[in-house]
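Please keep the sequence and the model in view while reading.

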Amino acid sequence: MTHSNPRTKRFAAGAILLSALVITGCSGSADDEGNGADSSPSITPSSTRTAAETSEKQLTQQAQAALAAVQGGTLVEAGAERVSDGIHTEPELTSGKAYKLNLVCVGTGSAQLTFSPASAGKKATVPCDRSVVQQRITADKAVRIDVDGTEGSTGVIAWQIDTV
């Protein structure tokens, strides 16, 4: 006949219960398995958003640093946008005065620069390779500047308009 210590029984029961909880916590429920739910760990939307925001901030800083290296004249207007959002602005420019538009895209793909009216500046492709694209603008009347990312392009476009 063997004798068991009550303390040993409680310890063993606790260990079994703890093991059962750990195993249950690590596996999907019967409902998850029945619905074909993926049992792999998932990334929460907030952590994905935080990583994307950090990356976007870094890209914006890189783009703005590239613009700062070529700055000249008096700043009229500037900004930074996601490539997917593009740039759509109607700056207040003085008729007959010359301006310089500097653009830099950091990411992948490219974007297309257009002016309205077309006589305000030249159409151009802005590669998302950190190179600065410069464009001279002459304003005889209101000018609209549009920069739209090509399909599949990602990253940040920074821009700046200076007086010449």
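## The nonpolar cores

The largest nonpolar core has 23 residues, of which L101, L103, L113, F115, I145, V147 and I157 touch the most other members. A nonpolar core is a set of buried Ala, Val, Leu, Ile, Met, Phe, Trp, Tyr and Cys residues joined through side-chain atoms within 4.5 Å; buried means under 20% relative accessible area, exposed over 50%, and partly exposed in between (1.4 Å probe, protein chains only). At least two residues of this core come from each of β3 (98-116), β4 (124-138), β5 (144-149) and β6. The strand β3 gives the most, with seven residues. Strands are DSSP runs (E, at least two residues), numbered from the N terminus.

Apart from this core lies another, of eight residues, including L59, A63, V156 and A158.

## Basis of the model

The model is predicted: local features need pLDDT of at least 70 and side-chain atom pairs count only at pLDDT 80 or more, while totals for chains, interfaces and linings use all residues. Residues are numbered from 1 along each chain as its sequence is written, and side-chain values use heavy atoms, with hydrogens and water left out.

## Two buried polar residues

Q160 lies in strand β6 (residues 154-163) and counts as buried because its relative accessibility is 8%. Its side chain makes a polar contact of 3.0 Å with the side chain of D162. A polar contact is a pair of N or O atoms within 3.5 Å; within protein, one must be able to donate a hydrogen and the other to accept it, and residues adjacent in sequence count only if both atoms are side-chain atoms.

T89, in strand β2 (residues 87-89), is buried because its relative accessible area is 10%. The side chains of T89 and E77 are joined by a polar contact of 2.5 Å.

Methods:
Helices (H or I, at least four residues) and strands (E, at least two) are DSSP runs, numbered from the N terminus.
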